[in-house]
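Here is a short briefing to read alongside the structure. Have the 3D view open as you go through the points.

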Amino acid sequence: MARVYNFGAGPATLPVDVLQEAQADLVDYKGSGMSIMEMSHRGKEYDAVHNEAVANIKELLGLNDDYAVLFLQGGASLQFAMLPMNFLGEGQTADYVNAGSWGAAAVKQARLIGNVSIAADCQKDIPTRMPELSEMKWTPGAVYSHITTNETISGAQFKALPETGSPLIADMSSDILSRPLDYSRCTVIYAGAQKNLGPSGVALVAIRKDFAEKGNISLPAMLRYQTHIENNSLYNTPPCFSIYMLCLTTRWLKKVGPENLFKQNRDKAQLIYDAIDASGFYRGTAKKEYRSDMNVTFRLPTEELETLFIKQASEAGMKQLKGHRSVGGIRASIYNAFPVDGVQALVAFMKDFEARNG
Ligand SMILES: *Cc1c(COP(=O)(O)O)cnc(C)c1O
């Protein structure tokens, strides 16, 4: 078996243990004579997986029964639209922080539905960053406030959740369960699973039930949170295999232990940032206070050197280090499942590359 170090931003690397368990169970799931992909989503085998995934997510996020955990389709991107469709009515205002490409994408969809107030705009700032607490302006009486906790493309991350004065909604697609956080400060948390939680095909939504009850009742059933809450995400056929993989990943997260994982994530990021700061060759793209622990972004002196860096890293088994096409540069995505030895290999490669080209 030859696994590479996959620095891809999403879909991203999965724990090898999880892949192997899925492989072992693929053709004949626990003696049932069929795979989990072929079973009824209303049968007892699948039901156990589904409910364990819900319970594990609730436990890991530290959420009580005031919250519903949903598994929806359409990715985080559908949430950009579903949230305002449900909660941003006529004559109301929702606050949005626009601090990067994903925040901007959420704003764009919300504006199609209702009135958006930009609490802070630093989307185009270089070095990339999140807004300071003092520069965010919250609307009194806003129906909700929306933030993107980690901007996956620029590599900037909120280090704490802001006090916003209205129900806080957070897109945590690229940093959910990567660090200790009081998740119950949020009224809604959502995340495409393919970065920190499993494969693509399923989006996690954790939502306060009392908030969901206020959702627009004239929407089609599939677009209402209330529908999915009442049906435990089984109103229609859910993405069973993706949820099964998410279940295995949450089991793995519990086994590693959140404390160990959080420390490991911080240490992994620090190793690369230390290498950047110790060199005059590499330049971090995010402001230091807001550097992401999940997506480490940096530049080399020229684009030619960046191309060479990506090519030679790939030849050395370190894949997908190319920055997002909209910004260029290098991006090392090191989510929960990314191994420490992969980070050590990258740092060694960075030093060697600088010695040869610096
Ligand atoms: C990847 C990403 C998205 C988009 O997720 P999809 O599941 O592809 O819709 C949204 N927000 C953030 C912060 C992301 O990293």
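**A strand and its neighbours**

Five of the six residues of strand β10 (residues 203-208) are buried, so this strand is largely enclosed by the rest of the structure. Please keep in mind that this is a predicted model. The points below start with the partners of β10 and then turn to helix α7.

**Partners of β10**

- Strand β2 (residues 67-72) pairs with β10 in the antiparallel sense, over six bridges.
- Within that pairing, valine 69 has alanine 206 of β10 as its bridge partner.
- Strand β9 (residues 188-192) also runs antiparallel to β10, and five bridges join the two.
- Here valine 188 stands opposite isoleucine 207 of β10.

**Threonine 249 in helix α7**

- Helix α7 covers residues 240-256 and includes threonine 249.
- Is threonine 249 buried or exposed? Its relative accessibility is 3%, and buried means under 20%, so threonine 249 counts as buried.
- Leaving aside residues up to four places away in sequence, threonine 249 touches Leu14, Val18, Asn196, Leu197 and Gly198.

**Where α7 meets α8**

- Helix α8 (residues 258-277) packs with α7 at an angle of about 90 degrees, and their axes are 5 Å apart.
- The two helices, α7 and α8, are therefore roughly perpendicular to each other.
- On the α7 side the contact is made by Trp252, Leu253 and Val256, and on the α8 side by Pro258, Asn260 and Leu261.
- By type, the residues of this contact between α7 and α8 are five nonpolar and one polar, with no charged ones.

Key
Residues numbered from 1 in each chain as written. Predicted model: local features only at pLDDT ≥ 70, side-chain atom pairs only at ≥ 80, totals over all residues. Heavy atoms only, no water. Helix = DSSP H or I, 4+ residues; strand = E, 2+ residues; numbered from the N terminus. Buried < 20%, exposed > 50% of the residue type's maximum accessible area, 1.4 Å probe, protein only. Contact = heavy atoms within 4.5 Å. Pairing = 2+ DSSP bridges. Axes fitted to C-alpha atoms, helices over the stretch in contact; angles between N-to-C directions. Parallel < 35°, antiparallel > 145°, perpendicular 65-115°, else oblique. Nonpolar A, V, L, I, M, F, W, Y, C, P; charged D, E, K, R; others polar.
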